[in-house]
Amino acid sequence: MNPLQRAARNPAAYRRLFLPGRALAEALESLLRFASGGRVGVLDLAGLPNVQITTSGRKTGLARTATVQYVPDGDGMVLVGSNWGRERHPSWSANLKATERVIVRRRGHRFVAKVRLLSGIERERAWATVVAHWPNYQIAQDHAEPRRFRLFLLTPAPD
């Protein structure tokens, strides 16, 4: 595990460095994705599973792409609309909420996935999985109170 991976996974470092430094991390993400043709970003350097999702903007209809961390869940993946613990939901989550399908790019492989916003018991089960996989989500959720993170389940769509 490299030093960035170790720091990203440390709850104290996450609170002190990553939450306040989110603007820098977002700028570095954009720069690295641009320079590498979309192949490498900050999440990759931190050793965190991530995907690029592309969907139509809910207002403009234009293609919108975002790089997001995911948590594996069976044959699918859970995306967490944490927005670094800010008081507002991330814009990509509003676009996912307004669609049924999304294009996913993971490690150079593209596929279409079905999108489902989780609620109720299913959301609670997924949240337990998410926090077990990445405990820092709980820190971000506590920081974002009273906003409750949106959780989406993406599963590969049949051909």
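**Exercise 1.** Find which element gives the largest share of the lining of the largest pocket.

*Solution.* Start with the model: it is predicted, local features need pLDDT of at least 70, side-chain atom pairs count only at pLDDT 80 or more, and totals for chains, interfaces and linings use all residues. Residues are numbered from 1 along each chain as its sequence is written, and side-chain values use heavy atoms, without hydrogens and water.

Next, the terms. A pocket is an open set of points on a 1 Å grid over the protein atoms alone, where a 1.4 Å probe fits, with protein on both sides within 12 Å along at least five of seven lines; lining residues have an atom within 4 Å of a point. Helices (H or I, at least four residues) and strands (E, at least two) are DSSP runs, numbered from the N terminus.

Now list the elements that supply at least two lining residues each: H1 (3-9), H2 (11-18), H3 (22-35), H4 (42-45), S2 (63-73), H5 (91-97) and H7 (136-144). Strand S2 gives the largest share, six residues.

**Exercise 2.** Describe the largest pocket by volume and centre.

*Solution.* The volume (space filled by probe spheres set on the points, which are joined across faces, edges and corners) is about 940 Å³. The lining has 34 residues; closest to the centre are Glu26, Thr67, Val68, Trp84 and Trp92.

**Exercise 3.** Do likewise for the second largest pocket.

*Solution.* The second largest pocket holds about 200 Å³. Its lining has 14 residues, with Arg39, Asp44, Asn50, Arg106 and Arg107 closest to the centre. Strands S1 (50-56) and S4 (101-106) each give two or more. S1 gives the most, three residues.
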